[in-house]
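Dear colleague,

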Amino acid sequence: MNPSTRSGFLTLLVFFYWVKSLVAYFVDFRGLGINNVLQFITAVDNPIFFTAFILLLAGFIKRARYFYPTVIIVYIALNVLLVVNVLYFREMTSFISFNTIAGYGKVSQGVGAASLSYFKPHDIIYFADVILGLIFFRKIKLDLKPIKRDYLRYLLSIAVLGVTSNYALASIDRPQLLTRGFDVNYYIKYLGINFYTVQDTIDSFNRDRLKSQAKPSDIDNIRAYIKKHFAPEDAKYFGVAKGKNVIYIHLESFQQFSIDAKINDQEVTPFINSIYHSKDAISFDNFYHEVGQGKTTDAETMLETSTFGLPTGSVFNRYYANQFQAMPAILDQDYGYSSAVFHGNNASFWNRSVMYKSLGYQNFFDASYFDVSGRKATTWGLKDKLLFKDSIPFLEKMSQPFYVKFLTVTNHTPFTLDSEDADPTFTGPNTNSPIVNGYFQTNRYLDNSVREFYDYLQKTGLDKKSIIVLYGDHYGISESEDKVAAQALGINTDNWNDFNDLQMQKVPFIIDMPGSNLGGIKDTFGGEIDAMPTLEHLLGIKTQKYVQFGQDLLSSKHEQQVIFRNKDWITPEYASIGENIYDTKTGTEIDLADLTSDQRKQIDKLSANADKKLGYSDELIYRDLLRFYTPSGFTPIKPQTFDYSYTATMNRLNDYGSTSIFAQNGNRSTSADYVTDAPEQNDPRTDSARITIQENDEVSSSSAESQSQSSSSQ
Ligand code: MN
């Protein structure tokens, strides 16, 4: 192989790419869950064929001055795709999809900042070609002779044969790989990242076509399924919180394992623990997050609409123009609730300012409503203690009852705190992982923030007028750090398996109804998809007419099958994780041969139900099917009627009515009742801002907004 010939040069590039891919597959992607020889073979050879195919196409270029730049640009693009996937995987444990790239402007800078803390020594291999290229630059001569056409065709056909035979092997090992859309791991190990990216891009265009072809009867099967699985309300709980304010506290990245956990004999989150055990709070200890790539926004999609996030990408980024029958709208139409989200990041982050209108939120207080300058914010937005405190002047002028959500951000990967924000009374763990050490520190910060907010609620008597829901949106500790976190909590990690990782995906779900005496810790198996109907029933809202995939957790008919976005599932008896079945009670893998045929049938039925439920939810979103079904008494949401501009919002608040906290306090602010020990609270406003997630999508989202606004005025 002589790199000074064109074919030798291409071979060298393919070789480098192959080595990097193997490092990515087997080190960074942790072996891709390869569990047989066939998968091993395809994983080892797939980076060669597809890459060779793409680079060989450039071989048809005759002139050296076009051939070499083309080859190098294509090669760089392939490498960037690989490395970005590696960084993305370290934080998100998943791969970048077309949808993620399409919406990547919104998250890239935050992910970028977080990714730096995930850099590993072996990353040098990803830049080995650049380093060697610089050293040996002069040794490689440009070859003016094009590759012979016949030889080129011969090489191309080998590459095509390689890709197709991998595809054939994949079809034997995993039928309907492409049509059913399995976990992305499968695409990568059979066909490679490049193939996956191309396939995913085509899929995404197909989805747009799906929507335009949908017809009204497409929703019939879905409604029949929902009807069959409806879990009616329990009379004991129905309407017990009727007319109360709803305060959702979104505990960013907060996992169940922190509840009641002790490190160095100290509770990590003593205050949240006290709510968890309160006689007024209904708490769940087998509640799982069910998010996919959309992470926080998947949690929001489930809680606000009781439909799942998507297999790839986020509903917020791609399907914001759909019809939704969401919580803020239902509460407004049934009981006249006002609504708001408080979030100390930019309105465009995850396309929220557009999506919230589609959900029917009347107000959105984003970073522009707060002083987020200087050290008052982290990369991810206003610090939690300040978010709660600085929200009060807005909250107190809203009419009651209200439905509000506080999206916290400080307990966010990479879990760093300014030293003055760390709780000096909390020691925290001392593991070799800065992520794990930081996690428990930011947990404690979050706990203190919630305590300060609760103090205010109690002082003003707002607690008794409200139902306060605390939930963790998704994991903060990614799978690569699970064992370290578990060890810090004193959990034995010998024989750690996939079931243990799944247990780490539990998140808190606490419904606090101060004064109700209805509390208790329930061991019902459930997940985020179930939050909406549970809450609706407590608020006295009948849900049978709605298309909701969740079931009331307090209903005796709740099915207790938690379904995850990758089609894994768990029940009180079994857990299906990847290709394996586990015994939920013991956490050990079950040899299928040991099961009776009835047990196997039961498991098959549960797997089929998981597929069906996710599939129906996806269909509903992809085809925008709720536009064909309006439940009686529900008026479709008109996003263009909402205006989140500062002037319009302040005008609304200045018109506060007699039901606002402000009016009930004798037209005086309750801000003085709010006490925080946040060291930044009195910092003067400056020009500097730490929030690094830029509004890259500002053009697209604001033009989408102005379009919908102008269409409404016509
Ligand atoms: Mn989140």
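Is aspartate 624 buried or exposed? In this predicted model, aspartate 624 has a relative accessibility of 5% and therefore counts as buried, the limit being under 20%. Its salt-bridge partner is lysine 211, with the closest N and O atoms 3.6 Å apart. Because aspartate 624 sits in the loop between helix 21 (597-622) and helix 22 (646-654), while lysine 211 belongs to helix 9 (residues 184-213), the pair ties together parts that are 413 residues apart in sequence. Lysine 211 itself is partly exposed, at 26% relative accessibility.

As for the overall arrangement, the domain assignment divides the chain into domain 1 (6-212) and domain 2 (234-558 + 623-640). The C-alpha centres of domain 1 and domain 2 are 37 Å apart.

The structure holds 22 salt bridges. One of them joins the side chains of arginine 352 and glutamate 300, at 2.9 Å from N to O. Arginine 352 is in helix 15 (residues 352-359) and glutamate 300 in helix 12 (residues 295-305), so that this pair links distant parts of the chain, 52 residues apart. Arginine 352 is buried, at 2% relative accessible area, and glutamate 300 is buried, at 0%.

Another salt bridge, between aspartate 150 and arginine 153, spans 3.8 Å from N to O. Both residues lie in helix 7 (residues 149-173), 3 residues apart, which is about one turn of the helix. Aspartate 150 is exposed at 61%, whereas arginine 153 is partly exposed at 47%.

Finally, a network of salt bridges links Lys383, Asp418, Asp421, Glu680 and Arg690.

With kind regards

Terms used. Residues are numbered from 1 along each chain as its sequence is written. This is a predicted model: local features need pLDDT of at least 70, side-chain atom pairs count only at pLDDT 80 or more; totals for chains, interfaces and linings use all residues. Side-chain values use heavy atoms; hydrogens and water are left out. Domain bounds come from an automatic or database domain assignment. A salt bridge is a side-chain nitrogen of Lys or Arg within 4 Å of a carboxyl oxygen of Asp or Glu. Helices (H or I, at least four residues) and strands (E, at least two) are DSSP runs, numbered from the N terminus. Buried means under 20% relative accessible area, exposed over 50%, partly exposed in between (1.4 Å probe, protein chains only).
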